[in-house]
Every structure is written in structure tokens, then in C-alpha cells.
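The sequence and the structure are shown first.

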Amino acid sequence: MPRDGDGPDLGASIRRDQLEAVRRSVQQAMPVNALLGATGALVAAQAGHGGAGLAWFALSSAINLARFGLCRAPCPGLVAPEASPPWQARAAACVDRHLRLATLAAFLSGLVWSLVALLCEGYTAPQSLFYLVVTCGITAGAVTHGMAYAAIPASFITPPLLTVAGCLAWAGGFDRTCLALTTLLYLAALLRSAVETERGFRRTSRLKNEATALARARQEAHASASALADEMRRRATHDALTGLMNRAGFAQAAEARILRPGPAPCLMLLDLDGFKSVNDVYGHSTGDRVLAEVAQRLRRTLPPEALAARFGGDEFAVLYDPSAEWPPADLAAALIGVVVERFESFDAGRLGVSIGLCHAHGPSLTQMLSCADEALYAAKAAGRDRFRIFDEGLRGRLEMRRDSERDLSHALAENGLAVWFQPIFGEGGGRVAGLEALVRWNHPVHGWVPPGEIVAAAARAGLTESLLRFILEQVCGAMQSLRAAGVSDIRVAMNVSPREMAQIPVDEIVLDRLRTLGLSPSLLEIEITEETALDIEAVQGKLLALSRAGIRVALDDFGIGYSSLASLRQLRAGRVKIDRSLVTGLSASDDKRGLIQAVLGLGRALGLEVVAEGVETAEDLVALRALGCPLLQGYHLGRPAPADHALRQALGCRTDAA
């Protein structure tokens with residue numbers, strides 16, 4: 001059975017490793033067992049107990065042959081291909097059955113060795129010293145060989161050692177009584193050693209199987225994304241999986257429909273809720289069947305003349321002419337209803353859909369898509385299974401994005417942007433170990449612009465490199481201030497988006513500026529998101545140059561993206577930051593604790609530093625401390641602040657600690 005903390009699949013994998021190790025160790029130990037048994041029989045014959053010695057050796061040999069045969073017997077549970085849960089359950093039961101049989105066989109062998117007392121008159125004959133040495137040796141060897149599964153060596157060594165202690169105590173005398181007590185202490189030490197070595201074996205096996213499973217999952221996700229991208233490039237106007245139009249085909253048909261005279265058309269963008277969970281839990285083949293089934297349900301529900309498309313992934317689009325029978329709000333509600341109906345592959349309620357609508361006459365398809373996308377974003381932000389019609393409120397948000405793109409160059413030129421810094425804490429939150437640079441922009445019309453929108457606006461306006469240089473300049477200023485204060489162990493981190501990393505010479509820009517200012521590269525950290533792992537070849541050389549220069553690379557949002565174990569090395573990552581979605585509510589979620597434990601174990605195994613970001617409550621902080629997370633970041637510990645304030649806080653923490 002799995003120990004506490006092991007899931008069914010992980011527990012079964014660990015027990016398979018235990019059974020394989022047990023089989024190897026028993027087969028290795030059998031020749032020694034047989035040789036010692038033969039020697040014991042010869043000594044018995046020399047002492048005049050030849051018949052008893054021969055009978056004892058025959059019984060011991062029979063048990064040994066049975067144990068050897070059991071180790072060679074086929075066990076389907078040792079073969080672990082991809083299979084259905086019922087087969088996996090039967091395989092796990094087979095492994096457990098073989099472990100129980102091996103334990104029983106070891107106990108029977110131990111009982112035979114306890115009968116040695118009959119060959120030396122209860123350990124009182126002159127040959128007792130020989131038998132005591134042999135018994136101690138074979139029991140110690142059993143524990144040494146039986147490191148994978150403590151029950152087997154424990155079952156073997158307990159009968160003979162208890163028999164030795166009992167015989168010596170029965171014979172009486174100070175020396176024999178002391179020797180009996182010593183034998184019991186020896187038995188206790190061996191049992192404790194067996195338990196400890198099994199724990200070590202299970203820890204090693206757990207790490208190995210967790211790393212293997214994680215690598216396989218990441219590789220499958222990456223391969224699926226790449227295959228999907230290739231498939232979409234091959235398609236001209238229709239999606240091969242669902243039979244609906246693809247984006248290109250939809251654009252052609254929709255442009256023609258929009259130009260027709262008549263009532264204003266309605267454009268809908270649909271995005272499935274929970275689809276990633278379906279893919280992760282049930283596999284990509286089930287996910288494909290779900291997408292095909294969703295497409296069929298859309299066809300059955302939509303008016304006959306409606307255009308429907310799959311834009312890619314789990315996103316769909318619909319364009320139709322509203323009527324009295326199907327006003328936009330009613331049709332959106334109907335589409336949500338048919339998607340949330342139960343699927344045969346999994347339980348009800350796991351899958352849903354969010355819908356953004358744009359019902360307008362006159363704008364181009366591009367403008368309608370932009371408006372519908374804004375409405376979809378608002379619908380998803382409000383929760384699952386909702387729709388939102390583009391209105392004046394959303395128009396203001398859309399205008400903010402457009403104004404951000406227009407005004408960003410002026411803000412960069414006139415110091416309208418700022419870089420704030422958020423502390424990263426070590427020692428359970430008691431010491432500032434680093435600072436993360438975060439770009440801020442207080443727009444004169446729209447107020448504070450989200451950082452992600454600043455980066456996106458820079459990309460749309462062709463200002464990606466200018467934004468990077470601005471942030472780098474502020475980061476270097478913070479590094480200079482720390483150097484002037486005599487602080488040499490606080491790294492300053494700056495975020496670099498996948499677009500920046502792929503399109504501009506980040507390595508040359510960063511290293512050239514550090515050389516000009518005489519700053520140590522070891523005090524700078526570059527944070528990249530897991531999305532970068534989708535195109536490793538485009539960034540690997542730049543990351544290698546940064547890493548070789550001494551700049552540490554950190555992988556942000558770890559646990560929700562696309563990185564594999566191989567990509568961690570290829571991306572030169574020295575630190576991973578656990579995504580806030582896994583940290584929020586940690587204290588009340590066993591699943592999240594298990595995931596964070598796995599990441600911490602992976603970090604220890606690969607020599608990676610681990611940071612938990614998004615620590616926003618005292619309860620989550622306590623839970624992370626209990627798990628032994630070395631580095632912490634979040635609003636509960638320290639909020640982003642302007643450079644001068646953040647630096648004073650960091651230096652103040654150092655002064656207080658001193």
C-alpha cells in the first residue's frame with residue numbers, strides 16, 4: 001500500500017521498484033545462504049549430529065529454492081505500459097501479492113535458521129560460538145541486502161535472533177544473560193536499520209518517478225503544441241479535427257458577410273473553460289474528442305446560415321445575423337447550455353465556455369474581433385460559463401490599450417514610466433535576499449496601466465528594445481546603490497518577455513551596459529516565463545551567453561506552462577519561481593501542497609533555487625515555511641515600491657538583522 005503522501009500511481013511505481021530490488025537482492029543472497037547452510041550441516045556432522053544437520057540443510061535448501069523460484073516467477077505488475085486504470089490496479093495488486101509472498105518465504109527461512117539451536121543443544125554445545133557467528137553474519141547480511149523492503153529482512157532475522165536470545169537466557173548464567181540482552185539490542189538495531197534503509201530507498205524511488213512523470217508530461221504537452229502549430233500551418237480554410245473553418249477560412253467568409261446590406265451581424269468568440277484540466281487529467285486524445293464533440297454541438301445549436309470556426313486550441317468563433325427567434329443574448333446562453341452538458345469521457349461540470357459578443361454594424365472584421373475579444377476577456381474574468389456583450393465600459397478598456405500603444409514612446413522619452421521593486425525574502429521571510437524590478441506607468445488619461453499591457457503595447461508599437469533598455473537602466477541604478485551601500489549579496493531581477501528574448505539581442509544589450517558601468521553580472525538575474533520553452537532554439541544561445549557571464553536565469557510562473565526537465569537545462573535556469581496560482585490558498589489545499597513539495601524536491605534534485613511567489617496571507621506563509629520553501633515573495637511580506645523606498649527597506653532589513 002502507498003505511504004502517506006504518495007498518490008496511487010506514485011505508490012505503485014515505488015512498490016514496483018521495491019519488488020525489483022527485492023528480487024535482485026534475494027537472488028544474490030541465496031548462494032551465500034546455501035553455503036553457510038552447508039557449512040552448518042558439516043559442523044553438525046563433525047559434532048555427531050549428522051542426521052539432524054542433513055535434515056536441517058535439506059529443509060533450508062527447500063526454502064531457498066522456493067524463494068529463488070518466487071524471484072524468477074513472472075509478475076505482470078513489473079511491466080508498466082500505458083494502460084487503463086483497472087489494469088493498473090490489477091498490476092499493483094500483483095506486485096503487492098509478490099511482496100507478501102516474498103515476506104512469508106523470508107519468515108519461513110528465518111524459522112529454519114532458528115532451528116540451528118537444535119544442532120548445538122540450545123547454544124550450550126562447544127559449537128555454539130560457530131553458530132552464533134554464522135547467525136549474526138547471515139542476519140546482518142539480510143539487512144544489508146534487504147534495503148528496499150524492510151518487512152523481508154525483519155521477517156527473516158527475527159525468528160533466529162529471538163531463538164538465540166531465548167536459549168541463552170534459558171541456559172542462565174551472567175555471561176549468557178548478558179549475551180542474550182546483547183542479541184536483543186542487536187535485533188533492535190538491525191530492525192531500525194532495515195526501516196531507515198527502506199525509507200531512503202523510497203525517497204530515492206519517489207524522486208526518480210516524480211521526475212520521470214514530470215518530464216514525460218512536459219514533453220507530451222510540448223509535442224502536442226508543436227504538432228498543433230504544424231497542423232494549422234498545413235490547413236488552408238478548414239480545421240482537420242473539427243471540420244469547422246479555421247481562422248483564415250473564417251476571415252474570408254466573414255468579411256463577405258459583413259459587407260452585405262441588412263441587419264447588423266453578431267460576432268461571438270468562445271473559449272472553453274477547464275479544457276486544460278481535461279487535457280491534463282484525461283489525455284490529449286480525450287481532449288481532441290471533446291473538441292470534435294463541442295463542434296458538433298455548436299452546429300446543432302446555431303442557426304443554419306451561421307458561420308462557425310475553430311480559431312485554434314480551445315477557441316471558437318461564430319458570426320450570424322440575429323433574429324427575433326435568436327437574439328444574441330439568447331443564443332449565447334443556449335451555446336453555454338449545450339457545452340456544459342455532460343460528456344461521456346468525464347464527469348459533468350468539468351467543461352464550460354465563456355463568450356464575448358460584438359453586435360454592431362459598419363466596423364471591419366478586425367475591429368469586431370478586437371471588440372469581441374475584449375468582451376471575452378471580461379467574461380472570463382467574471383467566472384465560468386458567462387457571456388459579455390461589448391459595451392461602452394469595455395470600449396474604454398479597449399481605448400486604454402490603443403492609447404497605451406500610441407503614447408508609450410512619449411512616456412519613454414519624457415520619463416513617464418517608472419520601475420518599482422518588490423523584495424524577495426529568504427530565511428522564512430526575515431531577510432531580503434533579492435529585488436524584482438516591475439515596470440509601472442501612470443497614464444494621464446487611463447491611470448495605472450497593467451505591466452502586461454505595457455509590454456504588449458511596446459511590442460505593437462515596435463518599442464520592445466527601448467522598453468528593455470529603460471528598465472535595464474533603472475535596474476543598474478539599483479545595483480549601483482546597493483554597491484555603494486556595501487551590499488554584495490542582493491540580486492536584482494528583471495523580467496524579459498519571450499518576445500524580447502527572441503527578437504532583440506538581449507544578451508549583448510545587458511552585458512554591454514554592465515561592462516560600461518562596471519557592475520558585476522553575478523548581481524543580476526533575468527526572469528523568463530515558461531512560454532519561452534516553446535521556442536528554445538531561438539533563445540538558447542542568448543541565455544547561454546548571459547549564464548556564462550555570471551547572470552542567473554530564473555524561470556517564472558513555473559508549474560503552469562510548457563517547460564520540461566530538458567528545457568530547464570537548455571534555458572540555463574538556476575532558479576524557478578512557483579506560480580502564484582499554486583501558492584494562493586495553499587494552506588487549505590492538499591493538492592497544492594503536494595505539487596509544491598514535488599517542485600521543491602525537483603529543485604533539490606537538480607540544484608535549482610525555488611521561490612514561491614504570490615504569498616498573500618499569513619496562513620500560506622506558515623504552510624510554505626513548513627514545507628521548507630527557501631525563498632518567498634508576495635504582498636504579505638512586501639509590496640512593490642519605488643526604487644528609493646524599496647532600497648531603504650532592503651538596507652533597513654539588513655541593519656535590523658545585524
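## A buried salt bridge at Asp-239

Asp-239 is buried at 5% relative accessibility, where buried means under 20% relative accessible area, exposed over 50% and partly exposed in between (1.4 Å probe, protein chains only). Its partner in a salt bridge is Arg-310, with the closest N and O atoms 3.1 Å apart. The pair links distant parts of the chain, 71 residues apart: Asp-239 is in the loop between α7 (174–234) and α8 (247–259), and Arg-310 is in strand β2. Arg-310 is also buried, with a relative accessible area of 3%. A salt bridge here is a side-chain nitrogen of Lys or Arg within 4 Å of a carboxyl oxygen of Asp or Glu. Helices (H or I, at least four residues) and strands (E, at least two) are DSSP runs, numbered from the N terminus.

The model is predicted: local features need pLDDT of at least 70, side-chain atom pairs count only at pLDDT 80 or more, and totals for chains, interfaces and linings use all residues. Residues are numbered from 1 along each chain as its sequence is written, and side-chain values use heavy atoms, with hydrogens and water left out.

## Further salt bridges

The count comes to 31 salt bridges. One of them joins the side chains of Arg-431 and Asp-489 at 2.5 Å, N to O. This pair links distant parts of the chain, with Arg-431 in strand β7 (residues 431–443) and Asp-489 in the loop between α15 (464–484) and β9 (491–495), 58 residues apart. Arg-431 is partly exposed at 22% relative accessibility, and Asp-489 is likewise partly exposed, with a relative accessible area of 38%.

Glu-525 and Arg-552 form a salt bridge in which the closest N and O atoms are 2.9 Å apart. Here strand β10 (residues 524–529), which holds Glu-525, is linked to strand β11 (residues 552–558), which holds Arg-552, across 27 residues of the chain. Glu-525 is buried, with a relative accessible area of 1%, and Arg-552 is buried at 12%. A network of salt bridges links Glu-374, Arg-401, Glu-405, Glu-453 and Arg-460.

Arg-575 is found in strand β12 (residues 573–578) and is buried at 6% relative accessibility. Not counting residues up to four places away in sequence, the residues that Arg-575 touches include Glu-525 and Arg-552, together with Ile-424, Val-553, Leu-608 and Leu-631. Contact means heavy atoms within 4.5 Å.

Arg-297 lies in helix α10 (residues 284–301) and is buried, with a relative accessible area of 6%. A polar atom of the Arg-297 side chain lies 3.1 Å from the backbone oxygen of Glu-341. With residues up to four places away in sequence left out, Arg-297 touches Val-338, Val-339, Glu-341, Arg-342 and Phe-343.

## Leu-302 and its surroundings

Leu-302 is placed in the loop between α10 and β2 (307–312) and counts as buried at 10% relative accessibility. Apart from neighbours within four places in sequence, Leu-302 is in contact with Ala-308, Val-318, Leu-331 and Leu-335. The C-alpha atoms of Leu-302 and Leu-319 are separated by 9.8 Å, and these residues are 17 apart along the chain.

The structure holds zero disulfides, a disulfide being a pair of cysteine sulfur atoms within 2.5 Å. For Cys-120, the closest cysteine sulfur is in Cys-167, at 7.3 Å, so the two are too far apart for a bond. Cys-120 is buried at 0% relative accessibility, and Cys-167 is buried at 17%.

Glu-121 is found in the loop between α4 (116–119) and α5 (128–145). Although not a glycine, Glu-121 has a positive phi of about 55 degrees. Tyr-123 lies in the loop between α4 and α5 and has a positive phi of about 60 degrees, although it is not a glycine. Tyr-123 is buried, with a relative accessible area of 3%.

Val-622 is in helix α22 (residues 618–627) and is exposed, with a relative accessible area of 53%. The C-alpha atoms of Val-622 and Ser-587 are separated by 7.9 Å, although the residues are 35 apart along the chain.

Note on methods. A polar contact is a pair of N or O atoms within 3.5 Å; within protein, one must be able to donate a hydrogen and the other to accept it, and residues adjacent in sequence count only if both atoms are side-chain atoms.
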